[in-house]
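Thanks, everyone. Please bring up the model, and I'll walk through it.

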Amino acid sequence: MEFIKMQGLGNDFVFLDRFSVSDEDGTEDYPELARKLCHRQFGIGGDGLIVVLPSKVADARMRIFNSDGSEPEMCGNGIRCFARYIFDQGLIISDPMLVETGAGILKLKLFIKEGQVQGVQVDMGEPILRADLIPVLGEGEPVVGQTIEVLGQKYLFTAVSMGNPHCVIFVEDFSALDFDRVGPAIEKHSLFPRKTNVEFIQINSPQEITMKVWERGAGPTLACGTGACASVVAAILNKQTERIVTVHLPGGDLLIEWGLDNRVYMTGPGNYVFKGEWLGL
């Protein structure tokens, strides 16, 4: 089985190209493949598996499976890598391009220099702020400054969906945060019926924030595109930042804008790591 490994700010993915076939024939168990391929000792290693598929409603379709086999609705870092891959392979050469995801059809603009994709801007759509649609057990729109208790401590959180659920918590000092215990406890908290991604953010200035993420189904990762978008939306709702913000993640920076049209735009890179053949022995 041939594959390509890509990464967006260190958020890494195994790519399988199935553009010439359909995933509806049931011959491949993608969740099981994700668990095997993404294992960092017994497989290729990655935060997730991305499958490149044809689409009847857009230029191409992206399915993503976390390293535990679960299928999230979307992945911001993954879709930038996806856009670069399908352009470079000549599968889709339109710019902008439309990509079908579990969170709907997204519009992507490519920044191309001398025939090479230097970066991708993704129109991530409008943030979802209603509790029952995020989903989170609560009332109202938006869900700002509500209390969650985990491991005997209380935190104030803001809930946002960017096609997938996020719980954003402001912190003053990352060193005082028991990240490896609090992250998974919130991910699986009963307040979130479909579990949640968890972002801890520190406000550096009205134009900059620093973020650590515990991803639903993947654990700690170096970056999360939808999480960066959700964090900026949460920061604006809490009157902490302006509408264009640089988000510093362990793997690098993303530029996020919550436009006056109520749509969130994410700009960042997508890079190759290596390609090879998985023997599956």
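Helix 2 is mostly covered, with twelve of its 13 residues buried. Keep in mind that this is a predicted model. Which residues of helix 2 are buried? The list runs G76, N77, G78, I79, R80, C81, F82, A83, R84, Y85, I86 and F87. Two arginines, R80 and R84, are on that list.

Now the length check. Helix 2 covers residues 76-88. At 1.5 Å a residue, its 13 residues should span 18 Å. After helix 2 comes G90, and its phi is positive, near 75°.

Next, helix 1, residues 30-37. Here the buried residues are Y30, L33, A34 and L37. Look down the axis of helix 1: those buried residues fall within an arc of 105°, so they line one face. What does the buried side of helix 1 pack against? Its buried residues pack against strand 2, strand 3 and strand 4.

Searching the whole structure turns up one cavity of 30 Å³ or more. Lining it are 16 residues, and the closest to its centre are N66, P72, M74, C75 and E215. The largest cavity holds about 110 Å³ of space. Strand 2 (11-17) and strand 4 (60-66) each give at least two residues to the lining. How does that lining divide by residue type? Seven are nonpolar, six polar and three charged.

Technical notes. Residues are numbered from 1 along each chain as its sequence is written. This is a predicted model: local features need pLDDT of at least 70, side-chain atom pairs count only at pLDDT 80 or more; totals for chains, interfaces and linings use all residues. Side-chain values use heavy atoms; hydrogens and water are left out. Helices (H or I, at least four residues) and strands (E, at least two) are DSSP runs, numbered from the N terminus. The expected span of a helix is 1.5 Å times one less than its number of residues. Buried means under 20% relative accessible area, exposed over 50%, partly exposed in between (1.4 Å probe, protein chains only). On a 1 Å grid over the protein atoms alone, a cavity is a set of points where a 1.4 Å probe fits but cannot get out, and a pocket is an open set with protein on both sides within 12 Å along at least five of seven lines; lining residues have an atom within 4 Å of a point. Grid points are joined across faces, edges and corners, and a volume is the space filled by probe spheres set on the points. Ala, Val, Leu, Ile, Met, Phe, Trp, Tyr, Cys and Pro count as nonpolar, Asp, Glu, Lys and Arg as charged, and the others, Gly among them, as polar. The arc is that of the directions from the helix axis to the C-beta atoms. Contact means heavy atoms within 4.5 Å.
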